[in-house]
Amino acid sequence: MPDTDSLVRLSNVHLAFGDTPVLNGIDISVRRGEAVSIIGPSGSGKSTILRCITGLLRPQQGGIRVGDVDVQALRRERDLIALRKRVGFVFQQYNLFPHMSVLENLVAAPIKVGGVPRARALARAHALLARVHMEHKAGAYPGELSGGQQQRVAIARALALEPELMLFDEVTSALDPEMVGEVLTVIRDLVSDGLTCVLVTHEMRFAEEVSDTVYFTEAGRIVESGPPAQLFGAPRNERTGAFLQRAAGGVPARRRSDPFDSLFSFDPLRLAV
Amino acid sequence: MDNDLTLAPLGRSGWTAGAAALLRAVARDPWFITLLILAVPALYWTASGTTPVAVERLWYWWPALMRGLGMNVQISLLAMTLGTMLGLVVGAISLSPLAPLRALTRAYVLAFRNAPILVLVYFTTYVFPFEVPVAGWVLPFPDWIKVVIGLALPASANVAEIFRGAVQSIPAAQWEAAHSLGFARTQIFRMVILPQCLRRMLAPWMNLYASITMSTALASLVGVHDLVDTATVASNTVARTDFTILIYFTLLALFFAYCYPISRLTRYLERRHARH
(Lines give C-alpha, C1' and ligand atoms only; values in the text may rest on other atoms or scores of the structure.)
Protein backbone atom coordinates (compact mmCIF):
# COMPACT_ATOMS: atom_id res chain seq x y z
CA MET A 1 0.00 0.00 0.00
CA PRO A 2 1.79 3.15 -1.14
CA ASP A 3 1.94 5.78 1.58
CA THR A 4 2.00 8.68 -0.83
CA ASP A 5 -1.67 8.57 -1.76
CA SER A 6 -2.99 7.76 1.72
CA LEU A 7 -5.51 10.36 2.89
CA VAL A 8 -5.59 9.23 6.52
CA ARG A 9 -2.69 7.73 8.32
CA LEU A 10 -2.56 6.76 12.00
CA SER A 11 0.72 5.42 13.32
CA ASN A 12 1.21 3.93 16.75
CA VAL A 13 -1.65 5.93 18.32
CA HIS A 14 -2.01 5.55 22.09
CA LEU A 15 -4.87 7.10 24.04
CA ALA A 16 -6.05 6.65 27.62
CA PHE A 17 -8.96 8.14 29.53
CA GLY A 18 -7.33 8.76 32.88
CA ASP A 19 -5.86 5.42 33.92
CA THR A 20 -7.92 3.44 31.43
CA PRO A 21 -6.04 2.70 28.21
CA VAL A 22 -8.35 2.77 25.19
CA LEU A 23 -6.00 2.73 22.21
CA ASN A 24 -2.76 0.78 22.50
CA GLY A 25 -0.87 1.48 19.31
CA ILE A 26 -3.24 1.84 16.37
CA ASP A 27 -1.92 1.83 12.78
CA ILE A 28 -4.43 2.57 10.07
CA SER A 29 -4.01 3.81 6.53
CA VAL A 30 -6.84 4.94 4.28
CA ARG A 31 -6.20 5.71 0.64
CA ARG A 32 -8.10 8.41 -1.24
CA GLY A 33 -11.38 7.01 -2.57
CA GLU A 34 -11.19 3.95 -0.40
CA ALA A 35 -13.89 2.62 1.95
CA VAL A 36 -12.48 1.24 5.16
CA SER A 37 -14.47 -0.56 7.83
CA ILE A 38 -13.43 -1.00 11.43
CA ILE A 39 -15.10 -3.89 13.21
CA GLY A 40 -14.61 -5.38 16.62
CA PRO A 41 -16.26 -5.95 19.98
CA SER A 42 -17.85 -3.06 21.88
CA GLY A 43 -15.35 -1.06 23.87
CA SER A 44 -12.44 -1.97 21.63
CA GLY A 45 -11.81 1.70 20.82
CA LYS A 46 -13.39 1.89 17.35
CA SER A 47 -15.32 5.11 17.93
CA THR A 48 -12.33 6.65 19.69
CA ILE A 49 -10.25 6.16 16.55
CA LEU A 50 -12.73 8.21 14.50
CA ARG A 51 -12.79 10.99 17.10
CA CYS A 52 -9.00 11.20 16.99
CA ILE A 53 -9.00 11.60 13.22
CA THR A 54 -11.13 14.76 13.36
CA GLY A 55 -9.45 16.18 16.46
CA LEU A 56 -12.37 15.68 18.88
CA LEU A 57 -10.00 13.63 21.03
CA ARG A 58 -6.26 14.07 21.37
CA PRO A 59 -4.18 10.92 21.78
CA GLN A 60 -1.27 10.98 24.24
CA GLN A 61 1.09 9.44 21.74
CA GLY A 62 1.41 8.65 18.05
CA GLY A 63 0.93 10.39 14.74
CA ILE A 64 -2.25 11.23 12.85
CA ARG A 65 -2.18 12.72 9.38
CA VAL A 66 -5.13 13.76 7.23
CA GLY A 67 -3.71 14.64 3.81
CA ASP A 68 -0.69 16.77 4.60
CA VAL A 69 -2.06 18.00 7.94
CA ASP A 70 -0.50 16.72 11.16
CA VAL A 71 -3.62 16.50 13.35
CA GLN A 72 -1.57 16.02 16.52
CA ALA A 73 0.17 19.35 15.96
CA LEU A 74 -3.05 21.37 15.70
CA ARG A 75 -3.42 23.59 18.74
CA ARG A 76 -5.32 26.66 17.60
CA GLU A 77 -9.09 26.49 17.18
CA ARG A 78 -8.94 27.88 13.66
CA ASP A 79 -6.60 25.10 12.51
CA LEU A 80 -8.91 22.46 13.97
CA ILE A 81 -11.83 24.13 12.17
CA ALA A 82 -9.89 23.99 8.89
CA LEU A 83 -9.43 20.24 9.42
CA ARG A 84 -13.06 19.61 10.37
CA LYS A 85 -14.29 21.38 7.23
CA ARG A 86 -12.56 18.61 5.27
CA VAL A 87 -13.86 15.76 7.44
CA GLY A 88 -17.56 14.87 7.81
CA PHE A 89 -18.68 13.00 10.93
CA VAL A 90 -21.90 11.04 11.39
CA PHE A 91 -22.83 9.97 14.92
CA GLN A 92 -24.61 6.93 16.28
CA GLN A 93 -27.27 9.14 17.90
CA TYR A 94 -27.61 11.50 14.86
CA ASN A 95 -27.13 14.60 17.09
CA LEU A 96 -29.11 16.93 14.85
CA PHE A 97 -29.80 20.37 16.29
CA PRO A 98 -33.36 19.98 17.60
CA HIS A 99 -34.24 23.69 17.49
CA MET A 100 -33.44 23.99 13.79
CA SER A 101 -35.45 22.66 10.88
CA VAL A 102 -33.90 20.04 8.62
CA LEU A 103 -32.93 22.73 6.12
CA GLU A 104 -31.40 24.99 8.80
CA ASN A 105 -29.41 22.01 10.10
CA LEU A 106 -27.95 21.64 6.63
CA VAL A 107 -27.13 25.28 5.86
CA ALA A 108 -25.83 26.41 9.29
CA ALA A 109 -22.29 25.10 8.88
CA PRO A 110 -21.80 26.04 5.20
CA ILE A 111 -22.93 29.62 5.91
CA LYS A 112 -21.27 30.18 9.30
CA VAL A 113 -18.20 27.99 8.91
CA GLY A 114 -17.71 27.73 5.15
CA GLY A 115 -18.69 31.31 4.32
CA VAL A 116 -20.97 30.10 1.51
CA PRO A 117 -23.66 32.61 0.42
CA ARG A 118 -27.07 31.69 1.80
CA ALA A 119 -28.68 31.13 -1.61
CA ARG A 120 -25.97 28.71 -2.68
CA ALA A 121 -26.05 26.91 0.66
CA LEU A 122 -29.81 26.46 0.32
CA ALA A 123 -29.54 25.15 -3.23
CA ARG A 124 -26.88 22.69 -2.15
CA ALA A 125 -28.92 21.65 0.90
CA HIS A 126 -31.90 20.81 -1.30
CA ALA A 127 -29.67 18.78 -3.62
CA LEU A 128 -28.22 16.88 -0.65
CA LEU A 129 -31.68 16.20 0.77
CA ALA A 130 -32.67 14.77 -2.61
CA ARG A 131 -29.59 12.59 -2.49
CA VAL A 132 -30.65 11.06 0.85
CA HIS A 133 -34.33 10.98 -0.25
CA MET A 134 -35.43 13.49 2.37
CA GLU A 135 -36.38 16.55 0.31
CA HIS A 136 -40.03 16.23 1.38
CA LYS A 137 -39.01 16.88 4.99
CA ALA A 138 -36.93 20.03 4.45
CA GLY A 139 -39.17 22.10 6.72
CA ALA A 140 -39.63 19.46 9.43
CA TYR A 141 -37.92 19.49 12.82
CA PRO A 142 -35.71 16.56 13.90
CA GLY A 143 -38.18 15.60 16.64
CA GLU A 144 -40.81 14.93 13.97
CA LEU A 145 -38.63 12.43 12.08
CA SER A 146 -37.99 8.73 12.56
CA GLY A 147 -34.52 7.57 13.56
CA GLY A 148 -33.68 6.49 10.03
CA GLN A 149 -34.83 9.82 8.62
CA GLN A 150 -32.81 11.74 11.22
CA GLN A 151 -29.73 9.72 10.39
CA ARG A 152 -30.11 10.40 6.67
CA VAL A 153 -30.42 14.12 7.43
CA ALA A 154 -27.32 13.85 9.63
CA ILE A 155 -25.42 12.32 6.72
CA ALA A 156 -26.58 15.15 4.45
CA ARG A 157 -25.52 17.69 7.09
CA ALA A 158 -22.05 16.15 7.26
CA LEU A 159 -21.84 16.30 3.46
CA ALA A 160 -22.89 19.96 3.34
CA LEU A 161 -19.32 21.21 3.78
CA GLU A 162 -18.21 19.05 0.85
CA PRO A 163 -15.76 17.00 2.90
CA GLU A 164 -13.12 14.84 1.27
CA LEU A 165 -13.44 12.26 4.04
CA MET A 166 -16.49 10.87 5.83
CA LEU A 167 -16.41 9.14 9.20
CA PHE A 168 -19.40 6.99 10.19
CA ASP A 169 -19.64 5.99 13.84
CA GLU A 170 -22.00 3.00 14.22
CA VAL A 171 -24.61 4.97 12.35
CA THR A 172 -27.19 2.19 12.33
CA SER A 173 -26.75 0.93 15.89
CA ALA A 174 -29.47 3.15 17.37
CA LEU A 175 -31.98 2.43 14.62
CA ASP A 176 -35.00 0.18 14.54
CA PRO A 177 -34.28 -2.80 12.26
CA GLU A 178 -36.62 -1.64 9.49
CA MET A 179 -34.71 1.67 9.20
CA VAL A 180 -31.23 0.23 8.88
CA GLY A 181 -31.63 -0.46 5.17
CA GLU A 182 -32.49 3.12 4.15
CA VAL A 183 -29.39 4.48 5.88
CA LEU A 184 -27.04 1.82 4.51
CA THR A 185 -28.37 2.50 1.01
CA VAL A 186 -27.29 6.13 1.33
CA ILE A 187 -23.81 5.15 2.51
CA ARG A 188 -23.49 2.57 -0.26
CA ASP A 189 -24.21 5.34 -2.79
CA LEU A 190 -21.55 7.59 -1.27
CA VAL A 191 -18.96 4.83 -1.38
CA SER A 192 -19.73 4.02 -5.00
CA ASP A 193 -19.39 7.74 -5.82
CA GLY A 194 -15.79 7.41 -4.70
CA LEU A 195 -15.98 9.39 -1.46
CA THR A 196 -13.35 8.28 1.04
CA CYS A 197 -15.21 6.69 3.96
CA VAL A 198 -14.21 5.19 7.29
CA LEU A 199 -17.00 3.16 8.87
CA VAL A 200 -17.17 1.84 12.37
CA THR A 201 -19.90 -0.73 12.13
CA HIS A 202 -21.57 -3.83 13.52
CA GLU A 203 -23.18 -4.59 10.17
CA MET A 204 -20.81 -7.38 9.07
CA ARG A 205 -22.57 -8.08 5.77
CA PHE A 206 -22.47 -4.42 4.89
CA ALA A 207 -18.81 -4.06 5.83
CA GLU A 208 -17.99 -7.07 3.69
CA GLU A 209 -19.98 -5.68 0.79
CA VAL A 210 -18.77 -2.05 0.59
CA SER A 211 -15.27 -2.04 2.07
CA ASP A 212 -11.96 -2.16 0.28
CA THR A 213 -10.19 -2.87 3.55
CA VAL A 214 -11.48 -4.13 6.89
CA TYR A 215 -9.72 -3.67 10.22
CA PHE A 216 -10.54 -5.85 13.19
CA THR A 217 -9.82 -4.20 16.54
CA GLU A 218 -9.79 -5.68 19.99
CA ALA A 219 -8.70 -4.11 23.28
CA GLY A 220 -7.36 -1.01 21.55
CA ARG A 221 -5.20 -2.87 19.04
CA ILE A 222 -5.54 -3.77 15.39
CA VAL A 223 -5.63 -7.54 15.45
CA GLU A 224 -5.97 -8.10 11.74
CA SER A 225 -6.63 -6.15 8.57
CA GLY A 226 -7.10 -6.98 4.93
CA PRO A 227 -9.53 -7.09 2.05
CA PRO A 228 -13.01 -8.19 3.21
CA ALA A 229 -12.95 -11.45 1.29
CA GLN A 230 -9.87 -12.54 3.18
CA LEU A 231 -10.81 -11.17 6.61
CA PHE A 232 -14.36 -12.55 6.55
CA GLY A 233 -13.62 -15.63 4.44
CA ALA A 234 -10.37 -16.85 5.88
CA PRO A 235 -9.32 -14.85 8.95
CA ARG A 236 -5.66 -15.42 9.78
CA ASN A 237 -6.00 -14.57 13.45
CA GLU A 238 -8.00 -16.91 15.67
CA ARG A 239 -9.45 -13.96 17.65
CA THR A 240 -10.87 -12.51 14.43
CA GLY A 241 -12.43 -15.86 13.65
CA ALA A 242 -13.91 -16.16 17.12
CA PHE A 243 -15.40 -12.67 16.91
CA LEU A 244 -16.93 -13.25 13.49
CA GLN A 245 -18.44 -16.49 14.70
CA ARG A 246 -19.96 -14.74 17.71
CA ALA A 247 -21.21 -11.93 15.51
CA ALA A 248 -22.85 -14.39 13.15
CA GLY A 249 -24.49 -16.46 15.87
CA GLY A 250 -24.98 -14.51 19.01
CA VAL A 251 -26.21 -11.11 17.96
CA PRO A 252 -29.80 -10.02 17.29
CA ALA A 253 -31.27 -10.94 13.91
CA ARG A 254 -31.03 -7.42 12.53
CA ARG A 255 -27.27 -7.52 12.51
CA ARG A 256 -27.34 -10.44 10.14
CA SER A 257 -30.37 -9.62 8.02
CA ASP A 258 -29.88 -8.26 4.56
CA PRO A 259 -30.53 -4.54 4.65
CA PHE A 260 -32.86 -4.78 1.67
CA ASP A 261 -35.06 -7.35 3.39
CA SER A 262 -35.78 -4.93 6.18
CA LEU A 263 -36.28 -2.09 3.74
CA PHE A 264 -39.43 -3.71 2.45
CA SER A 265 -40.53 -5.41 5.62
CA PHE A 266 -44.02 -4.60 6.83
CA ASP A 267 -44.93 -4.28 10.48
CA PRO A 268 -48.68 -3.90 11.12
CA LEU A 269 -48.02 -2.87 14.73
CA ARG A 270 -46.22 0.27 13.59
CA LEU A 271 -49.20 1.27 11.50
CA ALA A 272 -51.47 0.87 14.49
CA VAL A 273 -49.44 3.39 16.47
CA MET B 1 -74.79 23.71 21.79
CA ASP B 2 -73.35 23.34 18.33
CA ASN B 3 -76.80 22.70 16.95
CA ASP B 4 -77.55 26.26 15.98
CA LEU B 5 -74.56 26.13 13.67
CA THR B 6 -75.24 22.75 12.08
CA LEU B 7 -78.94 23.49 11.66
CA ALA B 8 -78.33 26.95 10.30
CA PRO B 9 -80.18 27.60 7.03
CA LEU B 10 -77.94 27.39 4.01
CA GLY B 11 -78.64 31.00 3.07
CA ARG B 12 -76.99 32.24 6.23
CA SER B 13 -73.91 34.24 5.35
CA GLY B 14 -70.44 33.27 6.57
CA TRP B 15 -70.27 36.57 8.41
CA THR B 16 -73.23 35.75 10.63
CA ALA B 17 -71.90 32.26 11.29
CA GLY B 18 -68.54 33.76 12.22
CA ALA B 19 -70.16 36.25 14.54
CA ALA B 20 -72.16 33.46 16.18
CA ALA B 21 -68.99 31.42 16.73
CA LEU B 22 -67.26 34.45 18.21
CA LEU B 23 -70.21 35.14 20.52
CA ARG B 24 -70.18 31.54 21.74
CA ALA B 25 -66.42 31.71 22.36
CA VAL B 26 -66.89 34.95 24.35
CA ALA B 27 -69.75 33.40 26.32
CA ARG B 28 -67.45 30.55 27.40
CA ASP B 29 -64.57 32.83 28.37
CA PRO B 30 -64.01 32.71 32.15
CA TRP B 31 -63.17 36.41 32.29
CA PHE B 32 -66.43 37.31 30.56
CA ILE B 33 -68.40 35.09 32.94
CA THR B 34 -66.68 36.78 35.91
CA LEU B 35 -67.56 40.22 34.57
CA LEU B 36 -71.14 39.10 34.06
CA ILE B 37 -71.39 37.76 37.62
CA LEU B 38 -70.12 41.12 38.89
CA ALA B 39 -72.22 43.25 36.55
CA VAL B 40 -75.62 41.65 37.26
CA PRO B 41 -75.83 42.56 40.99
CA ALA B 42 -74.13 45.91 40.31
CA LEU B 43 -76.83 46.83 37.78
CA TYR B 44 -79.56 45.59 40.10
CA TRP B 45 -78.20 47.62 43.04
CA THR B 46 -77.79 50.74 40.91
CA ALA B 47 -81.27 50.46 39.43
CA SER B 48 -83.01 49.77 42.73
CA GLY B 49 -80.84 52.13 44.79
CA THR B 50 -80.10 49.38 47.35
CA THR B 51 -76.30 49.20 46.99
CA PRO B 52 -74.79 47.81 50.24
CA VAL B 53 -72.59 50.32 52.07
CA ALA B 54 -69.53 48.04 51.89
CA VAL B 55 -69.79 47.83 48.08
CA GLU B 56 -70.28 51.59 47.85
CA ARG B 57 -67.12 52.12 49.92
CA LEU B 58 -65.22 49.59 47.77
CA TRP B 59 -66.24 51.55 44.67
CA TYR B 60 -64.95 54.72 46.37
CA TRP B 61 -61.60 53.09 47.20
CA TRP B 62 -61.28 51.35 43.84
CA PRO B 63 -58.99 53.97 42.16
CA ALA B 64 -56.63 53.85 45.16
CA LEU B 65 -56.57 50.06 45.03
CA MET B 66 -55.70 50.19 41.33
CA ARG B 67 -52.85 52.61 42.02
CA GLY B 68 -51.64 50.17 44.69
CA LEU B 69 -51.82 47.26 42.25
CA GLY B 70 -49.88 49.40 39.76
CA MET B 71 -47.10 49.66 42.35
CA ASN B 72 -47.04 45.85 42.76
CA VAL B 73 -46.87 45.39 38.98
CA GLN B 74 -44.12 48.00 38.73
CA ILE B 75 -42.06 46.38 41.50
CA SER B 76 -42.48 42.89 40.04
CA LEU B 77 -41.53 43.97 36.51
CA LEU B 78 -38.44 45.88 37.64
CA ALA B 79 -37.37 43.18 40.10
CA MET B 80 -37.60 40.51 37.39
CA THR B 81 -35.78 42.66 34.84
CA LEU B 82 -32.97 43.42 37.25
CA GLY B 83 -32.95 39.85 38.64
CA THR B 84 -32.80 38.34 35.16
CA MET B 85 -29.92 40.52 33.98
CA LEU B 86 -27.97 39.90 37.17
CA GLY B 87 -28.88 36.21 37.19
CA LEU B 88 -27.66 35.63 33.63
CA VAL B 89 -24.30 37.21 34.49
CA VAL B 90 -24.00 35.13 37.66
CA GLY B 91 -25.14 32.01 35.79
CA ALA B 92 -22.58 32.59 33.03
CA ILE B 93 -19.80 33.00 35.60
CA SER B 94 -20.95 29.81 37.35
CA LEU B 95 -20.05 27.93 34.13
CA SER B 96 -16.56 29.43 34.06
CA PRO B 97 -13.60 27.04 33.94
CA LEU B 98 -12.02 28.94 36.84
CA ALA B 99 -12.80 27.23 40.15
CA PRO B 100 -12.60 30.34 42.40
CA LEU B 101 -15.15 32.15 40.21
CA ARG B 102 -17.44 29.15 40.33
CA ALA B 103 -17.16 29.00 44.12
CA LEU B 104 -18.03 32.69 44.35
CA THR B 105 -21.20 32.34 42.29
CA ARG B 106 -22.08 29.17 44.18
CA ALA B 107 -21.94 31.14 47.44
CA TYR B 108 -24.05 33.92 45.95
CA VAL B 109 -26.72 31.50 44.76
CA LEU B 110 -26.77 29.59 48.05
CA ALA B 111 -26.97 32.76 50.13
CA PHE B 112 -29.85 34.36 48.26
CA ARG B 113 -31.85 31.23 47.54
CA ASN B 114 -31.84 30.21 51.17
CA ALA B 115 -32.78 33.56 52.70
CA PRO B 116 -36.46 34.27 53.42
CA ILE B 117 -37.60 36.96 50.99
CA LEU B 118 -39.10 39.00 53.84
CA VAL B 119 -35.68 39.11 55.52
CA LEU B 120 -34.08 40.29 52.27
CA VAL B 121 -36.72 43.01 51.89
CA TYR B 122 -36.08 44.23 55.46
CA PHE B 123 -32.35 43.90 54.81
CA THR B 124 -32.32 46.16 51.74
CA THR B 125 -34.76 48.62 53.32
CA TYR B 126 -32.85 49.19 56.55
CA VAL B 127 -29.25 48.52 55.47
CA PHE B 128 -29.30 50.82 52.45
CA PRO B 129 -29.39 54.60 53.12
CA PHE B 130 -32.60 56.51 52.41
CA GLU B 131 -30.66 58.98 50.24
CA VAL B 132 -27.40 58.85 48.35
CA PRO B 133 -25.07 61.82 47.92
CA VAL B 134 -23.75 61.88 44.35
CA ALA B 135 -21.28 64.65 43.39
CA GLY B 136 -22.85 67.30 45.56
CA TRP B 137 -26.41 66.21 44.82
CA VAL B 138 -28.49 64.22 47.24
CA LEU B 139 -30.46 61.55 45.39
CA PRO B 140 -33.39 60.07 47.28
CA PHE B 141 -33.41 56.27 47.53
CA PRO B 142 -37.12 55.51 47.88
CA ASP B 143 -38.35 52.44 49.72
CA TRP B 144 -40.04 50.89 46.71
CA ILE B 145 -36.72 50.77 44.86
CA LYS B 146 -35.15 49.07 47.85
CA VAL B 147 -37.94 46.50 47.67
CA VAL B 148 -37.15 46.03 43.97
CA ILE B 149 -33.56 45.24 44.93
CA GLY B 150 -34.68 43.04 47.82
CA LEU B 151 -36.73 40.95 45.40
CA ALA B 152 -34.18 41.11 42.56
CA LEU B 153 -31.52 39.41 44.73
CA PRO B 154 -33.39 36.10 45.25
CA ALA B 155 -34.74 36.38 41.68
CA SER B 156 -31.19 36.66 40.30
CA ALA B 157 -30.00 33.67 42.35
CA ASN B 158 -32.89 31.62 40.94
CA VAL B 159 -32.33 32.83 37.37
CA ALA B 160 -28.64 31.90 37.71
CA GLU B 161 -29.63 28.36 38.72
CA ILE B 162 -32.22 28.11 35.94
CA PHE B 163 -29.61 29.24 33.40
CA ARG B 164 -26.86 26.94 34.68
CA GLY B 165 -29.26 24.00 34.79
CA ALA B 166 -30.45 24.71 31.23
CA VAL B 167 -26.93 24.92 29.80
CA GLN B 168 -25.86 21.74 31.56
CA SER B 169 -29.00 19.91 30.45
CA ILE B 170 -27.96 20.25 26.80
CA PRO B 171 -26.31 16.92 25.95
CA ALA B 172 -22.54 16.97 25.40
CA ALA B 173 -23.27 15.32 22.05
CA GLN B 174 -24.60 18.65 20.79
CA TRP B 175 -21.21 20.24 21.48
CA GLU B 176 -19.46 17.31 19.81
CA ALA B 177 -21.68 17.44 16.72
CA ALA B 178 -21.21 21.20 16.36
CA HIS B 179 -17.43 20.85 16.81
CA SER B 180 -17.34 18.16 14.13
CA LEU B 181 -19.04 20.61 11.74
CA GLY B 182 -16.27 23.13 12.32
CA PHE B 183 -18.16 25.61 14.51
CA ALA B 184 -16.05 27.72 16.86
CA ARG B 185 -16.74 27.52 20.59
CA THR B 186 -18.47 30.93 20.71
CA GLN B 187 -20.57 30.05 17.67
CA ILE B 188 -21.66 26.79 19.28
CA PHE B 189 -22.70 28.60 22.43
CA ARG B 190 -24.61 31.28 20.53
CA MET B 191 -26.22 29.18 17.80
CA VAL B 192 -26.66 25.73 19.29
CA ILE B 193 -26.62 25.83 23.09
CA LEU B 194 -28.23 29.18 23.93
CA PRO B 195 -31.33 28.84 21.71
CA GLN B 196 -32.05 25.43 23.22
CA CYS B 197 -31.49 26.87 26.71
CA LEU B 198 -33.92 29.75 26.23
CA ARG B 199 -36.73 27.32 25.49
CA ARG B 200 -35.94 25.26 28.56
CA MET B 201 -35.65 28.37 30.72
CA LEU B 202 -38.93 29.97 29.71
CA ALA B 203 -41.31 27.92 31.87
CA PRO B 204 -39.26 28.04 35.11
CA TRP B 205 -38.62 31.74 34.50
CA MET B 206 -42.36 32.43 34.26
CA ASN B 207 -42.90 30.43 37.46
CA LEU B 208 -40.34 32.60 39.17
CA TYR B 209 -42.08 35.68 37.83
CA ALA B 210 -45.40 34.59 39.33
CA SER B 211 -43.70 33.83 42.65
CA ILE B 212 -41.87 37.19 42.75
CA THR B 213 -45.12 38.97 41.89
CA MET B 214 -46.80 37.38 44.89
CA SER B 215 -43.85 38.39 47.06
CA THR B 216 -44.40 42.06 46.17
CA ALA B 217 -47.13 42.00 48.83
CA LEU B 218 -44.25 42.13 51.34
CA ALA B 219 -43.55 45.71 50.22
CA SER B 220 -46.47 46.85 52.39
CA LEU B 221 -44.49 45.82 55.49
CA VAL B 222 -41.78 48.40 54.85
CA GLY B 223 -44.17 51.26 54.16
CA VAL B 224 -44.53 51.09 50.37
CA HIS B 225 -48.01 52.13 49.25
CA ASP B 226 -48.86 49.00 47.37
CA LEU B 227 -52.15 47.12 47.02
CA VAL B 228 -51.97 45.46 50.46
CA ASP B 229 -51.03 48.72 52.17
CA THR B 230 -53.92 50.54 50.45
CA ALA B 231 -56.35 47.81 51.50
CA THR B 232 -55.16 48.06 55.12
CA VAL B 233 -55.55 51.84 55.11
CA ALA B 234 -59.02 51.56 53.57
CA SER B 235 -60.07 48.90 56.05
CA ASN B 236 -58.90 51.01 59.01
CA THR B 237 -60.55 54.16 57.63
CA VAL B 238 -63.94 52.63 56.83
CA ALA B 239 -63.86 50.49 60.01
CA ARG B 240 -66.69 48.12 59.07
CA THR B 241 -66.39 44.37 59.39
CA ASP B 242 -68.29 43.66 56.16
CA PHE B 243 -66.05 46.10 54.26
CA THR B 244 -62.88 44.51 55.69
CA ILE B 245 -64.04 41.06 54.59
CA LEU B 246 -65.00 42.37 51.15
CA ILE B 247 -61.76 44.23 50.52
CA TYR B 248 -59.53 41.29 51.46
CA PHE B 249 -61.52 39.04 49.14
CA THR B 250 -61.01 41.70 46.47
CA LEU B 251 -57.28 41.60 47.23
CA LEU B 252 -57.16 37.84 46.68
CA ALA B 253 -59.09 38.22 43.43
CA LEU B 254 -56.77 40.95 42.13
CA PHE B 255 -53.58 38.98 42.83
CA PHE B 256 -55.22 35.95 41.26
CA ALA B 257 -56.17 37.94 38.18
CA TYR B 258 -52.52 39.01 37.78
CA CYS B 259 -50.78 35.72 38.55
CA TYR B 260 -53.17 33.19 37.04
CA PRO B 261 -52.65 34.27 33.39
CA ILE B 262 -48.89 34.02 33.98
CA SER B 263 -49.16 30.42 35.17
CA ARG B 264 -51.58 29.60 32.33
CA LEU B 265 -49.09 31.00 29.83
CA THR B 266 -46.35 28.95 31.50
CA ARG B 267 -48.34 25.77 31.10
CA TYR B 268 -49.05 26.59 27.47
CA LEU B 269 -45.35 27.21 26.79
CA GLU B 270 -44.41 23.98 28.57
CA ARG B 271 -46.82 22.01 26.38
CA ARG B 272 -45.46 23.68 23.25
CA HIS B 273 -41.90 22.95 24.37
CA ALA B 274 -42.76 19.29 24.94
CA ARG B 275 -43.82 18.98 21.31
CA HIS B 276 -40.50 20.06 19.79
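Start by colouring chain B by its two parts: domain 1 covers 1–51 and domain 2 covers 55–275. Their C-alpha centres lie 38 Å apart. Keep in mind along the way that this is a predicted model.

**Stop 1: two helices in chain B**

Select residues 53–93 of chain B, which form helix α4, together with residues 185–215 of chain B, which form helix α9. The two axes come within 9 Å and cross at roughly 135°. Angles over 145 count as roughly antiparallel and 65 to 115 as roughly perpendicular, so α4(B) and α9(B) are oblique to each other. Their crossing is right-handed.

Which residues make the contact? On α4(B), show Ser76(B), Ala79(B) and Met80(B); on α9(B), show Tyr209(B), Ile212(B) and Thr213(B). Colour them by class and you will find 4 nonpolar, 2 polar and no charged residues.

**Stop 2: another helix pair in chain B**

Next, select helix α5 of chain B (residues 99–113) and helix α7 of chain B (residues 143–169). Here the axes are 8 Å apart and the angle is about 125°, which makes α5(B) oblique to α7(B).

Now show the side chains where they meet. From α5(B), pick Thr105(B), Tyr108(B), Val109(B), Phe112(B) and Arg113(B). Facing them from α7(B) are Leu153(B), Pro154(B), Ala157(B), Asn158(B), Ala160(B) and Glu161(B). This contact has 7 nonpolar, 2 polar and 2 charged residues.

**Stop 3: where the chains touch**

**Stop 4: a six-stranded sheet in chain A**

Look for the open sheet of 6 strands in chain A, with the order β6-β7-β8-β3-β9-β10 and mixed pairing. Its edge strands are β6 (87–90) and β10 (221–226) of chain A, and each pairs on one side only. On average, neighbouring strands are turned by 15° against each other, direction ignored.

Zoom in on β6(A) and its partner β7 (residues 165–169) of chain A: they pair in the parallel sense over 4 bridges. Click on Phe89(A), and you will see that it stands opposite Leu167(A) in β7(A).

**Stop 5: a four-stranded sheet in chain A**

The last stop is another open sheet in chain A, made of 4 strands in the order β2-β1-β4-β5 with antiparallel pairing. Its edges are β2 (20–31) and β5 (69–70) of chain A. Select β4 of chain A (residues 61–66) along with β5(A): 2 bridges join them. In one of these, Val66(A) has Val69(A) of β5(A) as its bridge partner.

Finish with helix α1 of chain A (residues 46–53), which packs on this sheet and touches β1 (6–17), β2 and β4 of chain A. Its direction makes about 65° with that of β2(A).

Notes
Residues numbered from 1 in each chain as written. Chains lettered and ligands numbered in written order. Predicted model: local features only at pLDDT ≥ 70, side-chain atom pairs only at ≥ 80, totals over all residues. Axes fitted to C-alpha atoms, helices over the stretch in contact; angles between N-to-C directions. Parallel < 35°, antiparallel > 145°, perpendicular 65-115°, else oblique. Left-handed = near helix turned anticlockwise from the far one by under 90°. Contact = placed C-beta atoms within 7 Å. Nonpolar A, V, L, I, M, F, W, Y, C, P; charged D, E, K, R; others polar. Pairing = 2+ DSSP bridges. Domains from an automatic or database assignment.
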